[in-house]
Amino acid sequence: MPVNANESILAARQIPKLKSLLKKYRQARTIQSGLLQLSELASSVTDMSSFYSELQSIIKTILITDSFHISLCNSHQNLSLVYSNNSIERKLIEQQERENWKHSLTGLVYSQGKAISCDAKERDALSKKHNLNLSNSAFIDWLGVPLKRGNNVIGVITLQSYDHDILFSNKDSQLLEFIAEHLVTAIDRVRSRELLEKNIIERTQKLTETNEKLQKEIAERQKAVKIHKALLSISEITATTYDLESFYKVLHQEITTLIPSNNFYIALTSQNNEWIDFPYYKDEHHDIAESRPFSNGLTELVIKSTEPYLMKGNEVITLAGSDPKNNKLYKPKPLKDKLPKAWLGAPLVDQGVAFGVFAVYHYEDVNAYELSDLDLVKFISQHIATTILRIRTQAEIQKNNEALEQAIDERTKELQSTNLNLRMQIEERRKAEAQLYYDAHHDALTKLPNRAMLIDRLGYSLRHLKRHPLHQSALLFIDLDRFKMINDTLGHHAGDLFLIEIADRLRDCVRDNDILARLGGDEFVILLDSLQSEDDVEEVASRIINKVAAGFELEGHTVHSNASIGIAMCGSHYKDSNEILRDADAAMYQAKSLGRGRYVFFDDSMREQLIASMTLEQELRVAIKECQFELHYQQISDLENTKIIGFEALLRWNHPTKGLLTPSEFLFMAEETGMILDIETWVVEDVCAQLKCWQSSLEYKNTFIGINLSGRHLTQSNQLFKLIKLIDKNTVEPHRLILEFNESAFSQHAELALKGLKKLKEFGVKLALDDYGAGLSSLNFLHGYPFEFIKLDRSFIHSLNLENQNLSLIKALHELGSNFGYRLVAEGIESAETLEKLRSVGCEFGQGYHISRPGLIKQFEEEVVNVSNG
Ligand code: C2E
Ligand code: MG
Ligand code: MG
């Protein structure tokens, strides 16, 4: 600092100047700091309202007035007042600018884009010039500066002075322009900040939204994963559980992780769909669910529609197809007591038909379940249905298997017992068969081999001989005397004892390897094997005869018998066993007929006889077939007046080579073989035919015809019936038939024969006893039998010629006849003398060569014709 006086004077002079400079300097500093402050404010402003209030204080420091207002162009391209610090005209300015901003001074600055400075005078001039509406504005001086962004005017800032001392200078205009620039910067800044902030807010909001969306998605994904996991484990449970009760439990636990399921049940329909059962039921308020009849609950709704249902409040929603828009709304009927707020159920379906329901429900939360849960329960219900069906099927299979196993067990046991039974039966049968075989091959009484076994062994022996022609064996056929007599007189028991004793004695006569067999009755056969010569056979035969000849002690009686033995030497010329047996039998008959108690070897003459007999049998069969028979009739006359009372039909065989054969030549064979029955059927028919012919004949109308019949008609089963039927069929005059039987017809089955005889008598035929006097001639026949005629045998009649004793016998027989109801017929009257004798003792009827020889009936008929003509 200068310290001299000049300098001090100078300085004193300069003080006012300096003071003015200082003042200017201070003003400039104030303006500068105000402008700096403004610049700072503009660069740091965050919102326009605080900016405007800050701006107000800055303006106050750098300008001469703080009455100002700021208008900005809005989005409608209107100017609007954004800030005003003009308490005098604020309202006016606001209104003016709002309503008619184009016709205001501010609007003029805005439209011209240039600053306008005017005092009251200039204002009026401008008003006129630009047709402005000043609305009684009272300013003294006015300054308006456009707010420009580049060339673009975005608003206006104006200063108003209402003080005559305050007039705006160029400097003020420049300052205001400076302020306007900073204002634009600040506006832009704030705007861009606001924009930025808005952007940030929007962005943040978007981000938040995205974030929320993501969070939701994550939550959904997590839920989906959870659902997926749970569904997987449900699938696993479905596949691995074999017991429904534990399946329901585990399933319930699993479902709890997916949806609220404190209340959970499985309902199943009964087989007839009339009842609903609850095999699994968990409820917060009820312990058990009783089975109930099918009604109209939600469970039933699900079963009927086979759709899953969701109930929220009292609205029921279902899935219709896959489009949730098609969901239908139902008003359910009010449910009883405690109602769940939310209910979710799905049907258990088998082949399109629901057989149950799986349901969860919530008593408190209406929104416990969502629409999307319908799909979930649908999925779960399918698994439940699959498991129930699988377990049911398994149970069914197991039941069937058990039943099958039981059936198999039972069947096995049955089979085992049947098997055992069968084995026992087989064993029994084997024994029975063995017994049967034994019985079939042995005689029950003597335990000796029977005919069947003999035939078998004989066959074996024959085959052996064919291979070894030098070996010899023989068959001995043994017949015993008196067996029949023993049987008849001492009874069958004695007969049996006799046979047993015989068997024992015969056994003693043979070696072990010989076969001793009983053929039946008193016929025994011995097969002697491995013989050296015929002498050996003779030795055995003699031994047998001697053994049998020794007396038998039978029930206190001594009985004697004899053995007649026929011997056939076995040889390779025999074709079969029966041939040897037949020959031995033939030899035995020979022995018997030679006088019993002897043995006879079969020889060629016997063979010839046999052959003849076989030939006869054969020819007889042909004769029956070809009906080679005819009947000769012998007249039977009344001896008193020689009138014909009838005829006897006598059989003749018109043999093709041997001529006419009489009964004695073939009848024995017919009788033996039973062919006699066939022959006599023909005889009866023929005789009946003859009777028919005579029905219209004067001569023979009342004549009888006698038929000789075999005893077989009386004793053989069913023959009597056949005979009666035969006669009945062929004639209406059975009383004109005289059926003749001789004593041999009654020799075997006397009672049976007598019975038959009585039946014939009842039937209406006449009966005659033939050949009386030739055999035993028992008196029984005279009174005990229903004979109408007794025919005296011709041998008896012949004897009349020699001894008269028999004549008196005939007389007696005749006299008895009137008591016993028979009449005598004499046979074989060969002379007039005999006839006379017979007549003399009262014999009424007779036949014989003397009266008439047997002949064809034609001859008699012709004779009658001749006599009547003659
Ligand atoms: P028969 O019933 O006593 O019959 C009488 C037999 O004596 C007949 O023999 C007859 O020709 C014979 N004859 C009659 N008058 C005389 C006579 O004056 N002198 C002699 N020497 N003989 C006389 P034929 O016809 O040979 O019959 C024999 C036996 O055959 C019959 O005896 C009868 O028992 C039986 N016979 C005949 N035809 C049949 C028949 O169709 N069935 C059955 N079962 N036996 C019959
Ligand atoms: Mg006769
Ligand atoms: Mg006779």
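**Salt bridges in a predicted model**

User: Which residue forms a salt bridge with Asp583?
Analyst: Asp583 forms a salt bridge with Arg582, with the closest N and O atoms 3.3 Å apart. The term denotes a side-chain nitrogen of Lys or Arg within 4 Å of a carboxyl oxygen of Asp or Glu.

User: What sort of model is this?
Analyst: This is a predicted model, in which local features need pLDDT of at least 70 and side-chain atom pairs count only at pLDDT 80 or more, while totals for chains, interfaces and linings use all residues; side-chain values use heavy atoms, without hydrogens and water. Residues are numbered from 1 along each chain as its sequence is written, and chains are lettered from A and ligands numbered from 1 in the order in which they are written.

User: Is Asp583 buried or exposed?
Analyst: Asp583 is buried, with a relative accessible area of 0%, and Arg582 is partly exposed at 30%. Buried means under 20% relative accessible area, exposed over 50%, and partly exposed in between (1.4 Å probe, protein chains only).

User: Which residue does Glu827 meet in a salt bridge?
Analyst: The side chain of Glu827 meets that of Lys791, at 3.9 Å from N to O. Glu827 lies in the loop between β28 (823–826) and α24 (832–840) and Lys791 in strand β27 (residues 789–792), so the pair ties together parts that are 36 residues apart in sequence. Helices (H or I, at least four residues) and strands (E, at least two) are DSSP runs, numbered from the N terminus.

User: How many salt bridges does a search of the whole structure find?
Analyst: The search finds 25 salt bridges.
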